[in-house]
Amino acid sequence: MITVTHGSTVQHLTLGRACKAVCLESPYLKATVLLDQGGDSLELIHKPTAIDVLWKVPYPVREPGIGPTPAGDSCAQWMHYYRGGWQTIFPNYGPAVSFRGSILDFHGEAARCPWTIDSESTADR
């Protein structure tokens, strides 16, 4: 855990067996971002009321890289790992499309590619 400023922290987590995440926490908010799942915001909690404003799926979640790869088109694959929360949908949203000869998967590739943190230093601001 790294203390940033004014009681805020950044904590690296592993959710489930292998999903890398980061938890950003202040005295008032807690946000968990799934690095291995396209930078999805999994939770955004108002700490004084303990309310998470992001919806979650009502079924057990699956982890990317654990178990067999799902069959089907890009929509079926995206839904296989969907947890709820808030996704980065880029470069397109909705069904797979062809653009200038390239196939853009359901909701684009940004929501499915692993992310990394380059820096978490306050000196970089």
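1. Start with the core: V57, W78, Y82, F106 and A111 make up the largest nonpolar core, 5 residues in all. A nonpolar core here is a set of buried Ala, Val, Leu, Ile, Met, Phe, Trp, Tyr and Cys residues joined through side-chain atoms within 4.5 Å. Buried means under 20% relative accessible area, exposed over 50%, and partly exposed in between (1.4 Å probe, protein chains only).

2. A quick caution: this is a predicted model, where local features need pLDDT of at least 70 and side-chain atom pairs count only at pLDDT 80 or more, while totals for chains, interfaces and linings use all residues. Residues are numbered from 1 along each chain as its sequence is written, and side-chain values use heavy atoms, with hydrogens and water left out.

3. Setting aside neighbours within four places in sequence, W78 is in contact (heavy atoms within 4.5 Å) with Q87, I89, F106, H107, A111 and R112.

4. Now the charges: there are 3 salt bridges, each a side-chain nitrogen of Lys or Arg within 4 Å of a carboxyl oxygen of Asp or Glu. One of them pairs K47 with E25 at 2.8 Å, N to O. K47 sits in the loop between strand 5 and strand 6 (51–52) and E25 in strand 3 (residues 19–25), so this pair ties together parts 22 residues apart in sequence. Strands are DSSP runs (E, at least two residues), numbered from the N terminus.

5. Another salt bridge joins E43 and K30 at 3.7 Å, N to O. E43 is in strand 5 and K30 in strand 4 (residues 29–34), 13 residues apart. E43 is buried at 18% relative accessible area, whereas K30 is partly exposed at 25%.

Notes. Helix = DSSP H or I, 4+ residues; strand = E, 2+ residues; numbered from the N terminus.
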